[in-house]
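Hello,

Please have it open while you read.

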Amino acid sequence: MGAAPAARDVTSYGMGLAAPLALFFLVFFVAPLLQLFWLSLHNDTAGLHWGLGQYLHFLTDPFSLGVLGSTLLLGAEVTAVCLVLGFPIAWLYQRVGPKLQTVIILIVLLPLLTSVVVRTFAWIVILGRQGIINATLQSLGLIDTPLKLLYTQFGVVIALAQVQMPLMTLPLITALGRIDPNLDDASCSLGAGSWRTFFRIVLPLSLPGVIAGCTLTYAASITAFITQSLIGGGQMLFMPMYLYQQASTLQNWPFAAAISIIFLLAVLAVVSVFTTLGRMSRGYGGA
Amino acid sequence: MSGRKRTLEAISFELVMTVIAVIALLIIIAPSLVVLIVSFTSGFSLRFPPPGYSLRWYVELWNAWQLHFAAKNSLIVALWATGLSVVLGVAAALAISRSRTLSARLLDSLFMSPLVLPALAFGLAALMLFSLVGLPVSPLTLVIGHTVVCVPYVVRNTVAALAQLEPTLLESSAVLGASRLYTFRRIVLPLIRPGIIAGAFIAFMSSFDNVPVSLFLRDAATDMLPIRMWQDLEGKLDVTIAALSGVLIIATIALVAVMERVTGLSRRLTN
């Protein structure tokens, strides 16, 4: 961009360089979302009659509220599982040599870059009636008839936790890497045990990473359309599929728009709560 | 005495943490291994372990023209979306990375927001806007939609690479009489290139794998690979999908290995 101001400062570039992307986002990202909001404020499909009918419908309909509630709960469950399983990975990463570190990172990274459909498909193979879990339990004589694992909440949570684990683990690895190892030694030499040191020193100091990981994992798991629908099946309905059904199958765009806005606001609310916590935790960590 | 107690306590802690970590790593890696093994089955079902091994489903995949067609579409859209993301994203990253102004920070949040907002809501919103202005869904609308959700990866990785660039290098270059463009071409670009490539790679992979945006923005004639796979899996459990998954897993591993060499991908994503 020729309009670069302040030619004196050679180390920075003019804001004009951001103009093309800003314009692109304005037209293809901000405008669609505004249009979505505008349509959600209409009571009829044609978008002629203003009103809050769509929102009232959603907020007074036990079914819709149930879908929202189970989606938010699903996110919390997946995030908790990811945190419990992901933290030890990050801890182990700091304890091993550089070779093993690369191995751990690549194990964590690979699923992130592997197709979500492929990863979800793998869980169908594992959780299915003839899948590994049922086959193993049956051959051990522990069960007679196959357990129903697919199309259950348990199945959705475990599959989503695996799919989203990298999003939790990577920020944790970064956060743990920033903790001064001397603090650990100091705590131990002052008589605190390993468990106490972990809960009183390591965990609080890694809070920024915990919060970053939780934000990403939560946002990703409640919007993970493919895994939710393939592992959850027809009986379990979460917000993304609800939105898609209303928009695509029923062509009820204003209601789908209202669902989208409510879902967007729910995600934003969760993200901003986490971000606020993150800011507070940075102060706590003392930087 | 207290020393011994502490050791036992330390061992219990390390044991618990290590066991959970190993189980977690196994949970992460197991599904891909299972799919790889099942894809070589000689049977008709996804039973594990397979009754026997053969390459029959890979042969089947070779003839599955519907999947080839979908894969070609996904590849073309991903390449265009990645190209557009790199051009727009790198320019934007140059502008906002060294600026501490409010507008730079606001733009940064704007460019990052597609990462946390539900992509399905964005897909629906984009479809509504396109139909309002009379632009029919086509490969073009797909590329536009994919670029919005992929550009954050390019911006983030380029900003990170620029943040590690020594400002003194740019000053020295200017003092020695190099023009800004020359400095950019000979100093800045070579140093941030690995960051740009890493961002472009992640953008490409996420476009190739995108379902929520494609669901709304594709036309009936443009079948996309992940959607085709998803719909096949909803209908029946076809073992051909296992073979295709095998190909995708191997391709991902190969690409990540190359990227690790070229860009040090793993360090980039943990810093």
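This is a predicted model: local features need pLDDT of at least 70, side-chain atom pairs count only at pLDDT 80 or more; totals for chains, interfaces and linings use all residues.

Helix 12 of chain A passes helix 5 of chain B in a left-handed crossing.

How many residues does each chain give to the contact? Chain A gives 80 residues and chain B gives 80 residues. On the side of chain A that touches chain B, the largest share comes from helix 1 (residues 19-40) of chain A, with 13 residues. Sorted by class, that side of chain A has 61 nonpolar, 18 polar and one charged residues.

Which residues of helix 4 of chain B are buried? They are Leu107(B), Asp108(B) and Phe111(B). Viewed down the axis of helix 4 of chain B, these buried residues fall within an arc of 105°, so they line one face of the helix. As background, an α-helix has 3.6 residues a turn, so residues three or four places apart point the same way. The buried residues of helix 4 of chain B pack against helix 1 of chain A, and also against helix 3 (65-97) and helix 6 (139-163) of chain B. The other side of helix 4 of chain B has Leu102(B), Arg105(B), Leu106(B) and Ser109(B), which are exposed.

Now a helix pair inside chain A. Helix 5 (residues 116-127) and helix 11 (residues 225-232) of chain A cross at roughly 20°, and their axes come within 9 Å. Helix 5 and helix 11 of chain A are therefore roughly parallel to each other. Is the crossing of helix 5 of chain A with helix 11 of chain A left-handed or right-handed? It is a right-handed crossing. Helix 5 of chain A brings Val116(A), Val117(A), Thr120(A), Trp123(A) and Ile124(A), which meet Ile226(A), Thr227(A), Leu230(A) and Ile231(A) in helix 11 of chain A. By class, the residues of this contact are seven nonpolar, two polar and no charged.

Gly128(A) sits in the loop between helix 5 and helix 6 of chain A. Gly128(A) is buried, since 21 other C-beta atoms lie within 10 Å. Leaving aside residues up to four places away in sequence, Gly128(A) touches Leu150(A) and Leu46(B).

Two residues stand out by their backbone angles. Most residues other than glycine have a negative phi. Tyr151(A), however, has a positive phi of about 65° although it is not a glycine, and Gln251(A) has a positive phi of about 55°. Tyr151(A) lies in the loop between helix 6 (132-139) and helix 7 of chain A and is partly exposed, with 15 C-beta neighbours inside 10 Å. Gln251(A) lies in the loop between helix 12 and helix 13 (253-285) of chain A and is exposed, with 9 other C-beta atoms within 10 Å.

In chain B, Leu165(B) is in the loop between helix 6 and helix 7 (167-175). Leu165(B) has 17 other C-beta atoms within 10 Å, so it is partly exposed. Apart from residues up to four places away in sequence, Leu165(B) touches Val188(B), Leu191(B) and Ile192(B).

Happy exploring, and best wishes

Methods: Residues are numbered from 1 along each chain as its sequence is written. Chains are lettered from A and ligands numbered from 1 in the order in which they are written. Two residues are in contact if their C-beta atoms, placed from the backbone, lie within 7 Å. Helices (H or I, at least four residues) and strands (E, at least two) are DSSP runs, numbered from the N terminus. Ala, Val, Leu, Ile, Met, Phe, Trp, Tyr, Cys and Pro count as nonpolar, Asp, Glu, Lys and Arg as charged, and the others, Gly among them, as polar. A residue is buried if 20 or more other C-beta atoms lie within 10 Å of its own, exposed if 12 or fewer, and partly exposed in between; C-beta atoms are placed from the backbone. The arc is that of the directions from the helix axis to the C-beta atoms. A crossing is left-handed if the near helix is turned anticlockwise from the far one by less than a right angle, and right-handed if clockwise. Axes are lines fitted to C-alpha atoms, for helices over the stretch in contact, and angles run from 0 to 180 degrees between N-to-C directions. Angles under 35 degrees count as roughly parallel, over 145 as roughly antiparallel, 65 to 115 as roughly perpendicular and the rest as oblique.
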